[in-house]
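Please work through the exercises below with the sequence and the structure open side by side. Each task is followed by a solution that goes step by step.

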Amino acid sequence: MLYLYTILLIFIMILPALVIIPQAFTELNYFKFPVEETSMKWFEKFFGNEEWIVGLERSLVIAVISAVVATALGTMAALAMNKLEFKGKSVFMSAMLAPMVVPVVVVGVALYSTFAPIGLTNNFAGLVFAHTLLGIPMVFTTMLSGFANVNENLELAAMSMGSTPIGAFFKVTLPTVKSSLVASVLFAFVTSLDEVVVTTFVSGANTKTLTMVMWENMRTNIDPTLAVAALFMIILTLSMYIIKEIVEARSK
C-alpha cells in the first residue's frame with residue numbers, strides 16, 4: 001500500500017509538467033488541454049525569436065559557470081567543516097546554509113543593494129555571482145554528507161606512503177565522493193537554470209535569462225511559445241538527474 005501511495009504522490013508532483021509538454025505542440029494560439037491538433041509552429045517561433053535563443057544561451061552559460069564555481073567553493077567549505085575544529089563552527093554552518101533558508105526575495109533585495117553601487121546589476125558577472133551564491137548551499141550540504149562517509153584511514157595510509165595532504169585529497173578522497181561531487185554540480189546547475197526571483201533583482205534589459213524572458217512573456221503575451229521554453233527546461237533538468245543516477249550506479 002505504501003508503494004501505491006508513493007507512486008500516486010510522484011504522479012501528482014509531475015502532473016503539471018506532463019500537462020505542459022503537449023501544449024508545445026498545439027495548433028491553437030492559446031493553451032487548451034487536451035491538445036486536439038498538433039503543430040510545430042511554436043518551435044519555429046521560439047527558434048526564430050532572438051530573445052528566446054539568447055536567453056537560453058545565456059542561462060546555460062551562467063548555469064555552467066556558477067555550478068563550477070559553487071562546487072569549488074562549496075566543496076572547500078564542506079571539507080573545512082568536516083576536517084577542522086574552530087571557534088564559531090555553528091555560525092559558519094548557519095552562514096553557509098543562509099541562502100537556502102532565507103526567502104529568495106530577501107536575498108534578491110540584499111544582492112541588489114550590494115551590487116547596485118558597484119555596477120553589478122544588469123551585468124553578466126553579477127548574475128554569475130548571484131547564482132553561485134544560491135548554488136553554494138546545495139553543494140555544501142551534498143558534499144558534507146559525502147565527506148562524512150569517507151574513511152579517514154585511507155588518507156592517512158596515502159600520506160604514510162609519501163603522498164602530500166593535497167595529493168591524498170585528490171587521489172583518494174575526491175574519487176571516493178565522486179557521486180556526491182557530480183550531484184553537487186548538477187544541483188547547482190539546475191538551481192541556476194531555474195532561478196527567476198533573484199535574477200529579477202540583479203538582471204536587466206541586456207542580461208535576460210530564459211526564465212526572465214518566460215516571466216515577461218507571461219505578463220504581456222501568453223502563447224504556447226512558453227510551453228516550448230518550459231519543455232526545454234524540463235528536458236535539461238531531467239537530463240541532469242539522469243546523469244546523476246548513471247554516475248551513482250557506476251560508482252556503486
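**Exercise 1. The chain as a whole**

Task: State which secondary structure elements the chain contains, and describe its extent, its burial and its contacts.

Solution: Keep in mind from the outset that this is a predicted model. As a first step, count the elements: the chain comes to 12 helices and 0 strands, so that its order from the N terminus on reads α-α-α-α-α-α-α-α-α-α-α-α. Next, take the extent of the C-alpha trace, which spans about 70 × 55 × 35 Å along its principal axes. Then turn to burial, where 37% of the 252 residues in the chain are buried. Finally, consider the contacts with a separation of 6 or more, of which 71% are accounted for by residues 24 or more positions apart.

**Exercise 2. H3 against H6**

Task: Decide how helix H3 and helix H6 are oriented to each other, and describe their contact by class.

Solution: Begin with the geometry: H3, which covers residues 50–83, and H6, which covers residues 124–148, pack at an angle of about 40°, and their axes are 5 Å apart. Angles under 35 degrees count as roughly parallel and those of 65 to 115 as roughly perpendicular, and H3 and H6 are therefore oblique to each other. The crossing of these two helices, H3 and H6, is right-handed. Sorted by class, the contact of H3 with H6 has 20 nonpolar, 8 polar and 1 charged residues.

**Exercise 3. H5 against H6**

Task: Find which residues of H5 and H6 make the contact between these helices.

Solution: The geometry again comes first, with H5 (residues 104–115) and H6 packing at an angle of about 145° and their axes lying 12 Å apart. H5 passes H6 in a right-handed crossing. On the side of H5, the contact is made by Val 107, Leu 111 and Phe 115, while H6 contributes Gly 126, Phe 129, Ala 130, Leu 133 and Leu 134. By class, this contact of H5 with H6 has 7 nonpolar, 1 polar and no charged residues. To read the spacing of such residues along a helix, recall that an α-helix has 3.6 residues a turn, so residues three or four places apart point the same way.

The loop between H5 and H6 holds Asn 122. The phi of Asn 122 is near 50°, which is a positive value in a residue other than glycine, and Asn 122 is partly exposed, with a relative accessible area of 32%.

**Exercise 4. H7 against H8**

Task: Describe the packing of H7 and H8, and name the residues that meet.

Solution: H7 (residues 152–160) and H8 (residues 165–176) pack at an angle of about 125°, with their axes 9 Å apart. That angle makes H7 oblique to H8, and the crossing of H7 and H8 is right-handed. In the contact, Leu 154, Glu 155, Ala 158 and Met 159 of H7 meet Pro 165, Ala 168, Val 172 and Thr 173 of H8. These residues of the contact of H7 with H8 divide into 6 nonpolar, 1 polar and 1 charged.

**Exercise 5. Leu 231 and helix H9**

Task: Determine which residues Leu 231 touches, and which residues of H9 are buried.

Solution: Leu 231 is placed in helix H12, residues 225–251, and is buried, with a relative accessible area of 10%. Residues up to four places away in sequence not being counted, Leu 231 touches Ile 21, Ala 24, Phe 25 and Phe 43. By contrast, Leu 231 and Glu 152 are 44 Å apart in space, C-alpha to C-alpha, and 79 residues apart in sequence.

Helix H9 (residues 178–194) has 17 residues and reaches 24 Å from its first C-alpha to its last, close to the 24 Å expected at 1.5 Å a residue. The buried residues in H9 are Ser 180, Ala 183, Ser 184, Leu 186, Ala 188, Phe 189, Val 190, Thr 191, Ser 192 and Leu 193.

Definitions and conventions:
Residues numbered from 1 in each chain as written. Predicted model: local features only at pLDDT ≥ 70, side-chain atom pairs only at ≥ 80, totals over all residues. Heavy atoms only, no water. Helix = DSSP H or I, 4+ residues; strand = E, 2+ residues; numbered from the N terminus. Expected span 1.5 Å × (residues − 1). Buried < 20%, exposed > 50% of the residue type's maximum accessible area, 1.4 Å probe, protein only. Axes fitted to C-alpha atoms, helices over the stretch in contact; angles between N-to-C directions. Parallel < 35°, antiparallel > 145°, perpendicular 65-115°, else oblique. Left-handed = near helix turned anticlockwise from the far one by under 90°. Nonpolar A, V, L, I, M, F, W, Y, C, P; charged D, E, K, R; others polar. Contact = heavy atoms within 4.5 Å.
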